[in-house]
Structures are given as structure tokens and as C-alpha cells.
Amino acid sequence: MFDRLIKFLSSLKLTVVLLALGLVLVFVGTLAQVHEGLYNAQTRFFKSWFVVGATLFGTKMPWLILPGGYTIGSALFVSLVTAHFTRFHWTWRRSGIFMTHLGVILLLLGQLGTDMLSTESAMRLEAGQTKNYSEDFHACELALINQSLPDDEEVVSIPERFVRAKGEIKHPQLPFTVKVREYWPNSMVESATEGVKPPVAVVPHVTAGYGKKVWVFPLPVTQDMESRNIPSATVEVFAGTESKGIWLVTAQSSASQSFEVDGKPWGLALRFKRYYKPYSLTLLDFTHDRYPGTDLPKDFRSRIRIDHPAKNERRETEIYMNNPLRYAGLTFYQLQMVDEQTAREAMARNPGEKVTPSSTFQVVKNPSWLTPYLACVMVGAGLAVQFLIHLVEFARKRKTPVPAAANNVKAKNNQPRKGAEIAKK
Amino acid sequence: MKKHWPWLLFAVFAFEAAYSLKPRADKPDAFQVREWAKLPALVNGRVQPLDSIGRNSLVIIRGNTDVPLEGNGADGKWGKWEELQAPLTERKWYQFSKHPAKLKPGEWLLEVFSKPELADTRPIFLIHHPELLGELKLQAKGVERSGLRYYTFNDLKPNLAMMERESKQVGQIKQELRTPYQRSLMSLHNGLTTYLRLKNSLKPENSRDFAADLAQFEKLLPAGLRAIRAQQSGQEYDKELFEKFLGYAEPYAMMAQMAYPLLVPPTQPGQKKADWANVGQALMDGIRAGEIPASVQAHAALATAYAQGKPAEFNRALADYRAALAGPLATELKKGRQESLFNQFLPFYRSMMIYVIALILAAASWLNWSENLNRAAFRLVSLALVIHTVGLVFRMFLEGRPPVTNLYSSAIFVGWGAVVLGVVLERIYRNGIGSVTASSVGFITLIIAHHLAQTSSTGDTMEMMRAVLDTNFWLATHVTSITIGYASTFLAGFLAMIYVLRGVFTRTLDEATAKSLSRMVYGIVCFATLLSFVGTILGGIWADQSWGRFWGWDPKENGALLIVIWNALILHARWGKLVGERGLMNLALFGNIVTAWSWFGTNMLGVGLHSYGFMDAAFKWLMIFNASQLVLIGLGCLPERFWKSGKGPTAGDSGPTGAAPRKPQAV
């Protein structure tokens, strides 16, 4: 039984079937992006064990069941490893195949590593601004900031899921409790104007802070790659049993609102989750070049300064397209840039909106970033070696006057019809 | 003689190609239009000769680069368009004795610049949607050429307001969602805009004698400026002078908005290389500085001399202008000369023609098996490859970039890669198969490239690279290896096509040929796997370098992955003896579909970071191609008794594509 399982797992038939399934999955997963968007399709098809249902070419196919990316990836991995332990025997002639397979294994493992360990966040800086944190693209936190320390701040950050649960939030470092009263997973907050309240808008019950004169427009939760959800909530702070007030907090603005407990000032904000670093970046200057006479971007380039007090490091460097900064296990990429021209144009399109020039970096932590590089070298070298081995053998066969090969050419030159007749007989 | 004709044929084509590289000159006492067309200007972010601007604009407007002035009229009369009665048609393919006079792109551009009222009478606007023709009430007008119809600006003039209105509406609709009528309308609108901008690029459209106007304007300049300043600060001013001055300056201000090419080079000290300006902007700057820039005056003198039919003055002005540029803009002048030589050489068109002839010869060689035919085909394919290579390298030199920078150049390069491999195969096997595949893939890919060039929105195939793509290292490694991966997968598919077609329809697929085809396909698939795998991973590494993620499941990335998976599948199926010779061929045929999808299909989805080349008309062709491949696979699955060559085992007893487990073949 076990033998049969091993035989099945290491068989080339299984490999071919898995590859074919992979082909179908990738194809269907690509087509599905038209309907579902890149991000959603990616999670549903490739970062999953099974896929059920898809919409292709505008046709719903709820009956479609496919093994997901994880299933095919791990099956390939198991099959490959089993084959190497059982069926494969090392010879120099097959060294290329070994190397290739090792590279593929590394690639699969590396992708799994990336999937599990990597985080992405963004750092948006205006000229001259300094920051020691980056912000998550999606996740939010409720930050409670102890502002009584002489030259530092202490932040207690509550993940969004506790806010979503609308309960009471207690923390040993907080001399008060926070009660979440209302929560909107995606919303837009606008100052209430003199006119009539639009029917979709909600007037939050708020007693303190900027939320007293606003309308909250609840929005459907978005799955789109390009946009993010902006949660809002109303929270009530209790010192013991005494209510300090009800505030509106929203991720639309990262500004914090203040209150006092036991004579000590505290700040309160719902904001995109921050990743603090032991160093800071300052945006010194940035340029956005266009090709002359066109709007086509030619180059985005930011000049920044790194300050790392613990290491006594202070240096300047440049980040531009295809040239990220790798620093302290993180990589900073030039992601977006709003220069003065773009800001002017954006404000001309949308009067009332204030757009300040800025440069945004994508901050990526990916401990397994080197694996594809290694895998590429191994697979490339492996395939090249194998290919060369075949080529040399082939050339040698043709060079040595093997009668078969010589006949081959002659037969073709002289009498092709004869060959065909023979074949017919 | 009989023995030497293959060499003779080779020599004729080689001579013709070499001759086309010889610099041409105009007659000394005629307008030196060729020299004029080599002058540099800046469009689409790059310096190019006026010749290229003319060509690319004609591609946008007309869809091809010549403007015929003569053709057929009613009752079979031949003559100039203006002398003929409708219906008008261009020269038919069988009218060998007729050689219609044509405007070359440079001549046409000079005419648009300097004699716009004459240019308005040239049939250049391509409209082919019947509904649009009805809407514009143009059915009875225009010049016809194999089903396409061309119209003059004067024909379209009554409809300009309507066009403007409708195109504004259609402009709101996303490109992928537009109907054929709307696309046709937008493409005509694009052509009209380009034309109107060109007409107002060198001089205001209505200015008869621009040089004289400028001279007048220069005289007025000091007093006019004073009048304007006085008017602005609310003081007394000369009203008549003020009006007169504005009468000149207003059209120039409009030109600053409208002009298409930037004709005025950065000759002032302190200007950067990229600081080109259009004539209108240069004149506005000139007003501030109190003088008319010399380059503008030079262009004006050229336009006036041409409009008034004075070749001697034109040629003198041209020589003066070139001399003035020779110092500060020597590089740009040289670039202009080189690119016009490239335009004149037409390497890809030329090699395309030779590939067709080689294909016919090679295919004929199978029918009567003449060695000479085969030799002639091989020599022609090699010649075409040389020309193809020269063109490719010339382009790389002009652009200063690796071979593949856009969809157009990928087609050129896919063809090149496949031809190189095909020629190598032919050198090894000498049985005509390499020649046939090389010439057919070369021909087809160059046709595709030709069509891509003619449907591009700017007409320019050497467009600049946007910031993230602006890296020669990754273009040279990732893009090149991926493209060779495409080329070799296609080549394997074409070899399989030959196998199936010869096997089913002819008796020429004998054991030896079949075996050698099988070996070729296997070898090419190995090569394709190597290149596409490495290329795909390199793409991942580029993505990791530029935005921090190795793999994002973007359509184009997935397309590349599909090719890798498919090639790996073919190899594993063969190693596991799951398929025999015919199964291998059928799998290779399916590889054509996978590659075509990855190359073009993914661009049609309109999502993702790579969707730089959205195409609409191409979808139909992709489907036709895929269907043809499926038919071939169907043929490949036919049982042996239907095969004329009787080659291949009976189908249906095993294998996913109807292939049978034959006696395993050693490679």
C-alpha cells in the first residue's frame, strides 16, 4: 500500500496532471481578474486550497471546482521530493535536472515564506518631513497616546478587530476604559453643512472633539486593489464610572484628539496601523521628470536622509525607480509621487480638495527575498547544463559516422517517395 | 546556369537591399526635400527627423505612409485625382504598367506645413466603418483601395463640429467598451486632430507668406510691446498699433497651444538638450525677449520658398539652417540623418518579402524535391535574416536600447529568434524543414509587427519608455529571454504543424523526416523551457527590484508562467512516455495557443500593470489563430488510415491528446 502510494506520488503522470491543473488554474485565475479584480482573484485562486465558482467572459460558473494554488504547489512539492528520494538516481548526466528541481523546490518554499512572513506598508513624506514609522495599506488601529511624557510619546494600540467587536477595551497601561459605541468598516466623513442632511448620511452621537459637526456616510466595504476601506467609530472614554465624553474617530484623518484623565493629557485616534522603526527618514527633495513635450513620466527620484541614533548613523541617499533602498531588513521603494504640477492639476480638477506635493515609499519586509534570486540561478544553470549535455551528445552522434545518421540524409535526398511507400506497406 | 541560379537569385536580392542603403539626393536645382526631411525635431519626447514625423503622422491618419496622387477614375480613365470623375480607385494590383506619382512622407509633411490649402485636397483620411460614412454623408466621395476608403480634409470639413461633439461623448467611454463605430470615430478624430495640429505647427494656417509676416512683426515688436505695457498699466496707447500687433500675436499664441512637433531647437546658451519648443512658444518667448528666434525665421524662410515655388531660395535657406545647427546640434543632425536612412532602408518590409519568396521555394522543394530549390530557399532565408538582423541592430542603435521595448519590437524579435533557430535547424538537417519554418514564422511575425505599427496611437514605434520600464538592464535580460522563449515555443509549434500537414495531406512524411521533426521539436521545447523559465523568474526579480514583490499574479506574469508550465508539461509527458511522437506534436501545437494567449491575449484583458498595449481588432485574429491550431490538433489525432503518409500509430487508445504510447524513441 505504502509502496503504491510512493509510486503514485513520484510518478511522472502525477507531475503532468499537476502541471495541467496548474495551467488551468492560472488561466482561469487570470480571466477571473477581469470580473473580480486582481487582489480578490489572487486570494481566491492562488492563495487558497480550493476554488469554488468563477465568472468567466461574463458567464457565471458556480459549478466550477478547482484545486487552489496551495494544493497544487504543495502536491508538486511532495511529488518532487518523493521522486528524488525514490525514483531518481544521481548521475552526472542528470546533474542539470537535479539542480533544476532543487531550484523549483527552493522557489516554491521561498514563495511560501514570502506569503507567510512578508509585510507591506507605506511611508508618505512631504518635503522636509521626518517620520519614524510606516503605515499599513489596509489594517487600522485605535491609538491611545500618553502625551504626558517629557519628550516622548507612549502609544497603546488596539487592533481594529477589537473596535469592530464594539466591546469595552481595557488595558493595564490605560487608566481608563474605552467603550466602542458605533463602528463603520468603510465610510466618508464630511463637515455638516447648513443645508438639509442627505438621507444616507448619519449624524453620529458625539459630545467632544471634531466629530460634533460632521456627517458620516457609510460606504460598502471595498475589495478593490486600488482603494482602501476607511473605518470610523464613536468611542466613549470612562475614567472609573465617569464618562469623559464621546468622540468620533476616523481613519480619514490621522490627527489625534486630546482629553485628560487624572490631570494627564491623552491623545485618541483611529489610524492606519503604524510600524515604528528605531530610525527615521527625512525627505530632503524629490523630482518627477517627464519626457519633453509629453506627460510621460521619465523618472521619479527622492533624496532622503536616514537618522539612526542608536547606530550613530546619519547619511543621505537616493531612492528611485528600480533602485530601492535596502536598510535594516526592510526595503523602501519609490511608490507614488505627487509633484507640484500633479498637485496643481489635481486641485484644478477637484476644487476644494487640498493636494500637497509628496513622495510615497512602499516599505516591504520580506525575509525570503533572496530565494528567487538563488532559485533563478539554480534553475537557469540546471536547464543550461542539461541542455548542453544533450547538445554535446547530439553533436557527437552526428559527427561520428554512425551509418544511421548518414543514411538519414541520403535517404531524404534521394528517394522520399520510396520511404513513404515503405511506410505504407 | 541551372546549377547557379540559387546564387544568382541571392545576389539579386542582396544587391537590391544594399542599393536601398545608398543615400539618395535630390536633383541640385530642385527642392532638396530629402535633405529637409532629415532635419531634427522633437515629438513624443524624442528627437527624430521630420521624415519620421511625416511617416508616423500618416500612419495615424491614413494607416500607411504614401500619398498617391493618381489613380483610376470613371470609365477606366487614369490620371490625377482632381482631373477624374468619381468613383475613384487607387492602382489595382494587376495594373503593372501604372506607376502613380506619390508624395513621400517628407514631401507630404512639407506640403502640410507650407501649403495647407493644397494638403487639404489630398485623400488621406481613412474611414472604413459604413455607419460612420453614412453619418458623415460620404458614401459617394473618396478614393477606394481594396475596400478601404480615403477622404480629403475638404470632404470632412462640413462635419468637423459634429465630429468634435461626438468624440467628446465617446471619449467618456472606456476604451475596451467602445463599439466598432465609436472606435472608428475616435480613430478618425485622432487623425483629424493630428492633421490640424500639423497644419499649425510651422506657421499659422492662414499665413500666406510667413517669412514676410515675421519680418513685419519684428518691425512692430518694440512699439507693439510698448503699447501693450501701456495698455496693461492703464496709460494712453496707440490703439491701431495695439490691434495690429495683437492681430499677429494671437495666432502665434494659438500655435503655442496647438503645434504638434517641437521644431525650434535649444540653440541659446544655457538651454538644456531637452529644451525644444514649438514655433508658437518660441515666438511668445521671442516677444518677451524682443527678437524673433533665428530658427523660427529659418523655418519660415523654408516654408515661404516652398510655397512660392522657389527652389534656389529653399535650398539656400536649408543650407544656412543646417550650417547654423551644425555646431550646437551636431548629434541631433546626425540622428536625423541616421533615422531617415533607416526609414529609407525599410529592413523589416524587405526581409518580409524575401521570407515569402523563400517560403514558396522551400515548400516547392518538397513537391518535386529539387535540391536547388531547397538551396535557393535556404540562401534567401539567410539573406532575409541578415537584413532582419541589420534592421534590429540599427533600431537598437537609434534607440540606444535592447531589442524589445514594446509590443511592436517584440514581434520583430520573436520573428528574429525563431528564424535564427530555424536556420540552425536547416544547417543541421538540410531537409527544407528549417527553411519553411524560419521563413513562415519570419513572415508572419513581421506582418504582425507591421500591423501593430500601423494601429499604434502615436504611429511611433520607437516611443520613450515610462519611468518603471526605463532600465536597459532588465529590458535586455528579462524581456529578451522571455521573447526568445515565445519565439522558440512558436517554432516548436510550427514544426509540429509541418509534421501534421505533411503527414495527413502528403506522402512526404517518411520515417526519417518524422524522426528528425520529432527530435527538432524536442530540442526546441527544451530550449524554450530554459529561456521562458529564466525570463519569467528574471521578470519576478525585476518586479521585486521595482515594487517589492516577486510575483503578483498579474495577467502578463501569469501568461509567461503558462508557457513555462506548458513546456515543462511537454517535457515531463515525453520523459514519462505518456506521449509518443504524435502526442508530442499535438502538445507542441497547443503550445502555439498558449504562447499566442500570453503574448497578445493577456494585453486584451485590460487589467494589471502590464496592459500597455491594448488592442481591439487583434482579438478576432487571435481567435482565428487558436481555432486553426485546434483544427490541426484534430487532424493530428486522426487515426492512421486517414494519414496519406501512413505515419503515426492509431489514435484513440491512450494519451490525453489522442497520442498512443509508441515504442519509446531515444534522442
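Two strands count as paired if DSSP finds at least two bridges between them. Helices (H or I, at least four residues) and strands (E, at least two) are themselves DSSP runs, numbered from the N terminus. With that in hand, look at chain A of this predicted model, where four strands form an open sheet in the order E6-E7-E10-E11, with antiparallel pairing. E6 and strand E11 (242-250) of chain A stand at the edges with a single partner strand each, so one side of each has no neighbour in the sheet. Strand E10 (residues 232-239) of chain A is joined to E11(A) by eight bridges, and the two run antiparallel. To find one of the pairs, pick out Val237(A): its bridge partner in E11(A) is Gly245(A).

Some housekeeping before we go on. Residues are numbered from 1 along each chain as its sequence is written, while chains are lettered from A and ligands numbered from 1 in the order in which they are written. Since this is a predicted model, local features need pLDDT of at least 70 and side-chain atom pairs count only at pLDDT 80 or more, whereas totals for chains, interfaces and linings use all residues.

Back to chain A. The loop between strand E6 (168-169) and strand E7 (177-184) of chain A holds Gln173(A). Is Gln173(A) buried or exposed? A residue is buried if 20 or more other C-beta atoms lie within 10 Å of its own, exposed if 12 or fewer, and partly exposed in between, with C-beta atoms placed from the backbone. Gln173(A) has 9 other C-beta atoms within 10 Å, so it's exposed. From Gln173(A) to Glu154(A) it's 19 residues in sequence and 9.7 Å in space, C-alpha to C-alpha.

Chain A also has a hairpin, made by E1(A) and E2(A) with two residues between them. In its turn, Phe57(A) has a positive phi of about 50°. Strand E1 (residues 50-56) of chain A and E2(A) pair in the antiparallel sense over six bridges, and Val51(A) stands opposite Leu66(A) in E2(A). Strand E2 (residues 59-67) of chain A lies largely in the open, because the number buried among its nine residues is zero.

Now for some helices. Buried residues in H8(A) include Thr371(A), Pro372(A), Leu383(A) and Gln386(A). What do the buried residues of H8(A) pack against? They pack against helix H5 (95-117) of chain A together with H21 of chain B.

That brings us to where the chains meet. Two residues are in contact if their C-beta atoms, placed from the backbone, lie within 7 Å. By that rule, 58 residues of chain A are in contact with 62 residues of chain B. Helix H2 (residues 12-36) of chain A supplies the largest share of chain A's side, 14 residues.

Over in chain B, helix H22 (residues 555-575) has 21 residues and reaches 30 Å from its first C-alpha to its last, close to the 30 Å expected. It's largely enclosed by the rest of the structure, because 19 of the 21 residues of H22(B) are buried. Just after H22(B), Lys577(B) takes a positive phi of about 55°.

Next, the cores. A nonpolar core is a set of buried Ala, Val, Leu, Ile, Met, Phe, Trp, Tyr and Cys residues joined through C-beta atoms within 7 Å. The largest one has 225 residues, and those touching the most other members are Leu380(B), Val381(B), Leu495(B), Val521(B) and Ala588(B). Helix H21 (residues 511-547) of chain B gives the most to this core, with 19 residues.

Finally, how confident is the predictor? pLDDT is its confidence in each residue, from 0 to 100. Chain A averages 83, and chain B averages 86. In chain A, confidence is lowest in helix H10 (residues 416-424), at a mean of 37, and highest in strand E15 (residues 313-320), at 91. Over residues 402-425 of chain A the pLDDT is below 50. For the complex, the predictor gives an ipTM of 0.80 and a pTM of 0.82.

Terms used: pLDDT is the predictor's confidence in each residue, from 0 to 100. The expected span of a helix is 1.5 Å times one less than its number of residues.
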